[in-house]
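Reader: Could you take me through how a metal site is read from a model, step by step?

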Amino acid sequence: MLVADVAVPVPLARAFSYEVPQHLAPLLVPGARVLCDFRKRQTIGVVVGLGEREPSPDLPLKPLRAVVDARPVVPKELLDFLLEVAGYYYAPIGEVLRMALPALERGEVERLEDVQGELGTLKRTKQIGEARELVISATDSVEEPGTLRGQAREILALVRGTGPQVLSRLEDRFKNARSAAKKLASLGLAKLEQRARAHAPLFAELAERDTPPELTTAQAEATARVTASIRGESTERGFLLFGVTGSGKTEVYLRAIAACLEVGKGALVMVPEIALTPQLVGRFRARFGDDLAVVHSGLSDKARHAMHKKLLAGEVKVAIGARSALFAPVPSLGLVIVDEEHDGSFKQEEGVRYHARDMAILRAHRAGATIVLGSATPSLESFELSRKGKLTLLRLPDRAKSEASLPVVEVIDLKRFGAGPTGDPLLSLPLHRALEATLAKKEQAILFLNRRGHSPTIVCMMCGTVHTCKACSVSLTFHRGRGGFDSESLEGGRVRCHYCGYEDHVPDRCEKCGSRELLLEGLGTEKLEQTLAEAFPAATIARLDRDVAEGGKSEKLLSRMRAGEIDILVGTQMVTKGHDYPNVTMVGVVNADAALSMPDFRSGERSFSLLVQVAGRAGRHERPGRVIIQTRNPEHPAIVLAARHDVEGFLRSELKDRAEVHYPPFAKLALLRIEAIDARVAQRTAGDLARACMASAPARAGKVDVLGPSPAPLARLRARYRFRVLLRATDRGPLRACLAAVEPLLSGIDRRARALIDVDPVSMM
Ligand code: ADP
Ligand code: ZN
Ligand code: ZN
């Protein structure tokens, strides 16, 4: 009997076996999608294995219903890679596959229906014409037992089982889909998002072909080494392209891709989500035209599907995108590029918690492709790989444009400098004067502040109580929104939790003592924008943060910035990456301490790279740049070394510290994350799991340290108490053995709790 192992999109670790009916056998290939019965309904799965097996009378297999694709939708190289990803992260194979597959296009199922007459239950769906659609997806949260019934419950099960769904399509099946979805969202069990349909803006304009510039000596040397590797003329397979901001790393990528296409192979380029701007994509399209597939989260199912097909068919050979582009079916992969490889957004923090940079190295290695990791501030992990000779270090020590130089950085000690003319302690006199000077020269400035909203806290003046989220252990942020101009009035504003999305009116009294004297504390981007507008009435001030970006306004804003219509751009992390504006000569870091104070062993590394990256936005062209960093810790090495542009000095000193405290890259980590609505349930479960870890052979042999259980730094999130157990080992082998021992226990814990494994964790919160 021919048996197919099928991965279905459910959070279960294994694939399921089905009998292959005779009439389907000739059509079936590994990597193809099939329709099969699963838990009383039909679902689309992917064949991961195929073989003859003795039929067993005790365990009769269900037959496959239909074959969806005649050819694999997942090429062999990618399928094997996905299986390895699932194994590495202890993730369900179905979920990993789901990330690699575009949602099945309905039209295609209808066609199959006509041809095979097998797909009776998948009914016709109407085409929807509007430009945006509302999509519902499951969050990581679990429901309190018994809170859900009816359609809300069914819809949640569906989105958990099959992934995000377009709400209007659900309405075909569930009459109350809309209200049920809202209910799920209000309980934190699901997310509702507007998503653009086809014709995503990144594809809109046709790029003119550019003429490649003459390479600098350093660029030429780097390009030669990478090209030799792609052509198989050298044994080097991996590179760390360590180039200062503005050194022209992108040009090296472009040349490498060209060399890759020349030998008939495909290339994959990954960039951080917020770096995926029309400007960057434009540079790639200017070189490769329509040979380029852009993969991003704003794509409609249809566009995603079309792209997938073009790549599979080899019509398009280069894919560029954020994290998820890792799974693009690029044909005969010859080159993988990870730009800004140090960026935290390459780690997915929900669902399958994979690290796209680490897995890019793996995919390239398996495919025999060349890998290039690029950064101005390499991660310690990659830098250490280069020190051990596993990656070849290529340096671009100077800015590409001969007239451009690195900006001069001044550190302002906020303990010594008080407030400038605005009276806000976070706008010191030197920063104020620097902004004035920039405006006077008709140049542009960027101010970076890592807090969105108006004020990060609301405090009671009488008893000091801070207004916090009811579901999370964090303070609520005051947002003025479109409200009035009186910066200290709470009227018309809203409070929001930046972790769970809770939003409400501003309270009119303290919930503890009832006092009406509430005070706004701290500075967020909204307030900074407002304060600057009052201080510099003749200047055009704009703000870029998630609140603006969610309204879909960021592209317009960036093109206004480019056109010189904005004098001062205020923003969060979004202003720090990738942008290349000739007229930006001044960059201010309003508060460098926020990132330094995070309870995380990587906080120094993260602050440092943030500072270098944001400073790198200044003076990229002819005009010299100037950077002001405000801090209360002017002696902190991350700040001192960032001010000197001494990246290597920082990497070396930080590596020394990491070696001393035995943390990555000198140790391997895994985190068990445990959460439950009841704190005692969470704590008890965490304790049980920690004991199981300690009882494992590698821990008893002293090869794995078990740290905890302890409450997570973010002790409560979305009404769940959170605990963690940290596993640490010098070598990966014992760590994996320990995880293998506890992994089977995760499905048998107290049903009110949830536990998961986070391999190589990035967020320690
Ligand atoms: P990075 O990615 O290293 O920060 P970019 O690739 O954005 O740097 O390059 C910075 C600027 O230098 C861009 O405006 C780019 O067009 C320009 N540039 C890159 N290479 C060259 C070159 N060889 N000659 C002249 N200008 C260059
Ligand atoms: Zn009070
Ligand atoms: Zn919250």
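Predicted model: local features only at pLDDT ≥ 70, side-chain atom pairs only at ≥ 80, totals over all residues.

Reader: How are the donor residues of the zinc ion (ligand 3) spaced in sequence?

Author: The donor residues of the zinc ion (ligand 3) follow the spacing C-x2-C-x24-C-x2-C, where donors are N, O and S atoms within 2.8 Å of the metal (3.2 Å for Na, K and Ca), and water is not among the atoms, so sites may look incomplete. Residues are numbered from 1 along each chain as its sequence is written, chains are lettered from A and ligands numbered from 1 in the order in which they are written, and side-chain values use heavy atoms, with hydrogens and water left out.

Reader: Which atoms are the protein donors of the zinc ion (ligand 3)?

Author: They are the SG atoms of C469, C472, C497 and C500, lying 2.2 to 2.4 Å from the zinc ion (ligand 3).

Reader: Why is the arrangement around the zinc ion (ligand 3) called tetrahedral?

Author: Ideal angles for four tetrahedral donors are 109.5 degrees. Here the four donor atoms subtend angles of 105 to 113 degrees, which makes the arrangement tetrahedral, a label that requires all angles to lie between 85 and 135 degrees.

Reader: Are C469 and C497 buried or exposed?

Author: Both C469 and C497 are buried, that is, under 20% relative accessible area with a 1.4 Å probe and protein chains only, whereas exposed means over 50%. Buried residues make up 54% of the 765 residues in the protein.

Key:
Tetrahedral: all angles 85-135°; square planar, octahedral: opposite > 155°, others 65-115°.
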